[in-house]
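Hi there,

Here is the structure I promised to pass on to you. Please open it and keep it beside this email as you read.

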Amino acid sequence: MWPDMELAVLAGVRAALAGVRVTAEVPARVETLVPVVVIRVAGGDDNRISDSVTVDVEAFAADRAAMWQLAERARQAVHALAATMAGGVVVDTVDTDQRPVPVSYGNPAVRRAI
């Protein structure tokens with residue numbers, strides 16, 4: 001049975017981002033809770049020996065400057081999981097497939113980068 005990497009990444013990122021709500025789902029009324037980081041497993045692969053997981057990281061903040069800062073903090077927190085145990089799971093390596101980009105959330109009170 002493969003480990004739950006979503007929970008492992010959540011645990012590791014929560015430990016690194018004090019004062020930030022880190023969750024697996026966008027909370028209702030996210031604009032009243034910012035800063036918020038959402039971690040979701042978005043895919044992956046395995047070779048029957050090891051597992052590779054693709055994780056989406058969403059950063060929600062009150063304005064663009066805060067969004068960029070939070071997105072970078074979240075990116076660094078995920079990268080810091082390389083060669084560690086996170087949530088009881090060994091994380092060998094961490095690579096970025098895409099740098100954070102702003103994505104409209106449809107709510108003028110919150111900005112989002114993925």
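Predicted model: local features only at pLDDT ≥ 70, side-chain atom pairs only at ≥ 80, totals over all residues.

Residues are numbered from 1 along each chain as its sequence is written, and side-chain values use heavy atoms, with hydrogens and water left out.

Let's begin with Arg-112, which sits in strand S6 (residues 111-113); strands are DSSP runs of E, at least two residues, and helices are runs of H or I, at least four, numbered from the N terminus. Is Arg-112 buried or exposed? Arg-112 is buried because its relative accessible area is 15%, and buried means under 20%, exposed over 50% and partly exposed in between (1.4 Å probe, protein chains only). Leaving out residues up to four places away in sequence, Arg-112 touches several others, including Glu-58, Phe-60 and Tyr-105; contact means heavy atoms within 4.5 Å.

Ala-62 belongs to the loop between strand S3 (51-61) and helix H2 (64-79). Ala-62 counts as partly exposed because its relative accessibility is 49%. Thr-32 is 30 residues from Ala-62 in sequence, yet 9.0 Å away in space, C-alpha to C-alpha. With residues up to four places away not counted, Ala-62 touches Val-34, Ala-109 and Arg-111.

Finally, the pocket lining: S3 gives the largest share of the lining of the largest pocket, seven residues.

Happy exploring!
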